[in-house]
Amino acid sequence: MDSNAVAETPSDIRREIESLEASKAQIEHRISSLQARLNDSNEEEQGKETHVDGQLSADMIYRYSRHLLLPLFGVEAQANLLRNSVLVIGAGGLGSPALLYLAACGVGRIGIVDHDVVELNNLHRQASAKQNHAFIIHTEAYIGRSKVESAAAACRAINSTVQIIEHKEAFRTSNALEIMSKYDVVVDATDNVPSRYMINDCCVVLGKPLVSGAALGLEGQLTVYNYNGGPCYRCLFPTPPPTSACQRCADSGVLGVVPGIIGCLQALEAIKVACAVGEPLSGRMLLFDALSARIRVTPLKLNLLPADARITSKEYNKRILKGEAHVLLDVRPSHHYKIISLPKSLNIPLASLDGRLPEISTALRNEEDNEKGSARSSPSLYVICRRGNDSQRAVQYLHNNGYASAKDIIGGLESWAHDVDPKFPTY
Amino acid sequence: MLLENSGGLELLCNSVKIHEVNINLEAEGNQKLTMKHLLSWVRTNLIKERPEMFMKGDTVRPGVLVLVNDCDWELSGQLDTTLEEKDVVVFISTLHGG
């Protein structure tokens, strides 16, 4: 019917699409390099814009309004975020979703490290065919180009006010400390064991919190290492697993959405750490099982104290039976304390410990007065919590603040219920 | 007792993740069941292939987390942890992919 259409064969159309795609890629490349230049030159200006008298600019108030409306987040957390910097190591299945959310939510400066190029077989978890709808980061147009470049372009497209730093190199012992030292929070989105140990060790050396995610097959894992007294990767796993037990997505496969979920959770934890809001997943590990749709969060061992600063719940029971003068400090949140507590314990939640030290001194003095005349030494101070992690942090804090004799009850109330009083309720 | 494998360990047990098991203490010649006994029982009775992917020596291989009733076994005494009826023991191989 249409005479023009008759002449157009499928191969003509394909040729035209190809040539259009090529010019589109060229234009996109040009845009991303211009954006990079603009970012670099605007860096100082932006710094000013963000923090005029500690206030957000009008544009920022509008852009981040949904964050600002959250009572538990608000202006303060958003301002923290804008001042903070996050390094994402690996721009693959985990790094891609993490980066998009970090850029969108307004982390001030984001570094991306990866030496890889985009391949077609990455795109099921790291890409979407239509850039405009890119939830996943890399696009077909970027196949064969650097993942860092591609990820940076996507981040800039979402939020041009965020400074994106491209590290198009492998993360090696020779450059690791130098790169990492410029950032506040590190996100481990790598895919192999040696990188994970190296990143962990650098974080310990530099004192940086590490948000670590992993995904394989239909399962994912997530935790925050080296944060707020919590353990590091090497603390938990001093011996690396045998290579035969280290499967890779490239060999064993992975369902694209699984690293997508874990990567988003990594962004969430990085935001919490950067803004100092909520309870980051430190000393706990989140396990995600996609097939059964189950998420489990498990406490991890924590060993902050020397052996002589800790006693078992059984030993504590013996000391009570002997009538030893002591104060038992319960550092759980008060709503936990109200559920169940040991008799005559003093509840000061860990979070408010530093303001309430005088209460401990008073309790110790009262205990001493009660024991007057029996020629005993000064009363002991024992600290307990639900499972024995917070109590260790509390004892560490007490040791540093003049209560050198404070002792932790290992395993907390759960161990009391398990080893001493099976009728003691657990929750 | 309920045993659960994940993080790839289920592949050693015909891809079955959750095992409800009954361990006859008398047949095992023990008064009480500890994690040490349980590990050797699992190795003999549940693991179908490559036992070295599960154990090294008399304990689990490096990179396996063990939870007893949802708590890291390092907090309950590792191999000496005493187990009771209806306890839940979970073995998780740590993942490294991304």
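Predicted model: local features only at pLDDT ≥ 70, side-chain atom pairs only at ≥ 80, totals over all residues.
Residues are numbered from 1 along each chain as its sequence is written, chains are lettered from A and ligands numbered from 1 in the order in which they are written, and side-chain values use heavy atoms, without hydrogens and water.

Chain A contains 18 helices and 13 strands (DSSP runs numbered from the N terminus; helices are H or I of at least four residues, strands E of at least two). Its C-alpha trace spans about 110 × 55 × 45 Å along the principal axes. Of its 427 residues, 50% are buried (under 20% relative accessible area; exposed is over 50%, partly exposed in between; 1.4 Å probe, protein chains only). Contacts (heavy atoms within 4.5 Å) with a separation of 6 or more are, in 66% of cases, between residues 24 or more positions apart.

G98(B) lies in the segment after strand 9 (88-93) of chain B. An unreviewed UniProt entry lists G98(B) as "modified residue: 1-thioglycine"; such annotations may be inferred rather than shown by experiment. G98(B) counts as buried because its relative accessibility is 9%. Among the residues in contact with G98(B) are R125(A), D191(A) and C249(A).

L255(A), in the loop between helix 12 (249-252) and helix 13 (257-275) of chain A, is partly exposed at 44% relative accessible area.

Terms used:
Lists of a residue's contacts leave out its neighbours within four places in sequence.
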